[in-house]
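User: Hi, can you walk me through this one? I'd like to start with the rings and then look at the helices.

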Amino acid sequence: HEYGKSVYGPEASFRSAQIRLAQHLDPKAFDAYQQIVAFYPNYEKFDLVISEQYRIASAIADGARGRWLWGLLPGLRKRESAVTYYEYVVANAPYSDYAPLALMNVAKLHKRFRNKIEAIDALDRMINFYPNSILTPDAYLRMAQAFQSLVDGPEYDQVSAIDATTYFQDFLILYPGDPNVAKAEQGLDEMKTERANSKMKMAEFYHYKRHNYIAAKVFYNEAITVYPDSPVAQKARA
C-alpha cells in the first residue's frame, strides 16, 4: 500500500500506521495515514486519521526522535519536517479543528527557524481562512509582531512598520477585551513612534542638509500627523 491503493482497504493502512507508530517510525506512520486520505476520503475513521497526523507533526515539532528503518539507531531531530506535516493536515482537512492549530504551529516553527516571511504567510492564511477561530486574535498579534521584527530603523523603508501598525490597530479594534491588549498597545506605540521618527529624519535632512524649508515643513507636519500626542510630534512642532 506504500506505492498505491491498498488491495485490503483502509484498515490495512490504518493498522500499518499504528504498527509504525509503536516502532517510533513516525514518518512512515504519517505516510500510511496519508494513503488513507488520498485513496479513502470517506473512511469512517477519517477524523481519527487527521488527529493522528496532527499528533505526529506535533511530536516531531517538539523534537521527538524517530528510528532508522531497521530500528537500531536513533534518528536525528528534524523539526523542519514538522512544517510539511502540519501543512498536510491543513490541506487534508481544511474545515477541521486541527487546520487552524496546524497553521499556528507552522507560523511558530518558521519563527523559530527565523523564516519571518514564511511565518507571516502562515499567519495571513490563518487570519483570512479562519476569522472566527479562537486562535485568530493571537494570529493578529503575532502578525503585528512579525512585521515589527522586520523594521530596521527610522532611516529605512517604513513598509513593515506601517503593516505592523495596521495589525496592532486591527487587534485592538477587534479584540478590546483580550488579555494581550497591553502588549498590542505597547507595540502600536513603538511602531507609531518609529514612523514619526522616520518623518523627523527626513525633515531634518531637508532642514539642515539641503536648507529646503518647504520640504522640511512637509515632513515635520507628517511626523505630527503620524503620532500627534507623542514626544516626537512635540519636537516636530517646535
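Predicted model: local features only at pLDDT ≥ 70, side-chain atom pairs only at ≥ 80, totals over all residues.

**Rings and helices**

Analyst: The count comes to 13 aromatic pairs. Rings of Phe, Tyr and Trp (its six-membered ring) pair if their centres lie within 6.5 Å; planes under 30 degrees apart count as stacked, over 60 as edge-to-face and the rest as tilted.

User: How are the rings of F171 and Y175 placed?

Analyst: Their centres are 5.8 Å apart and their planes sit at 50°, so the pair is tilted.

User: OK. Is F171 buried or exposed?

Analyst: F171 is buried, at 1% relative accessibility. Buried means under 20% relative accessible area, exposed over 50%, partly exposed in between (1.4 Å probe, protein chains only).

User: Which residues form the aromatic cluster?

Analyst: Y140, F147, Y167, F171 and Y175 form one cluster.

User: And what about Y206 and F219?

Analyst: That aromatic pair is stacked, with 5.7 Å centre to centre and 5° between the planes. Y206 lies in helix α9 (residues 181-209) and F219 in helix α10 (residues 213-226), so the pair ties together parts that are 13 residues apart in sequence. Helices (H or I, at least four residues) and strands (E, at least two) are DSSP runs, numbered from the N terminus. Y206 is partly exposed at 24%, while F219 is buried at 19%.

User: New topic. How do α3 and α4 pack?

Analyst: Helix α3 (residues 46-61) and helix α4 (residues 79-92) pack at an angle of about 160°, with axes 8 Å apart. Axes are lines fitted to C-alpha atoms, for helices over the stretch in contact, and angles run from 0 to 180 degrees between N-to-C directions. That makes α3 roughly antiparallel to α4. Angles under 35 degrees count as roughly parallel, over 145 as roughly antiparallel, 65 to 115 as roughly perpendicular and the rest as oblique.

User: Which residues make the contact?

Analyst: Among them are F46, I50 and Y54 of α3 and Y85, Y86 and V89 of α4. Contact means heavy atoms within 4.5 Å.

User: And how do α8 and α9 cross?

Analyst: The axes of helix α8 (residues 159-174) and α9 come within 9 Å and cross at roughly 150°. That makes α8 roughly antiparallel to α9.

Technical notes
Residues numbered from 1 in each chain as written. Heavy atoms only, no water.
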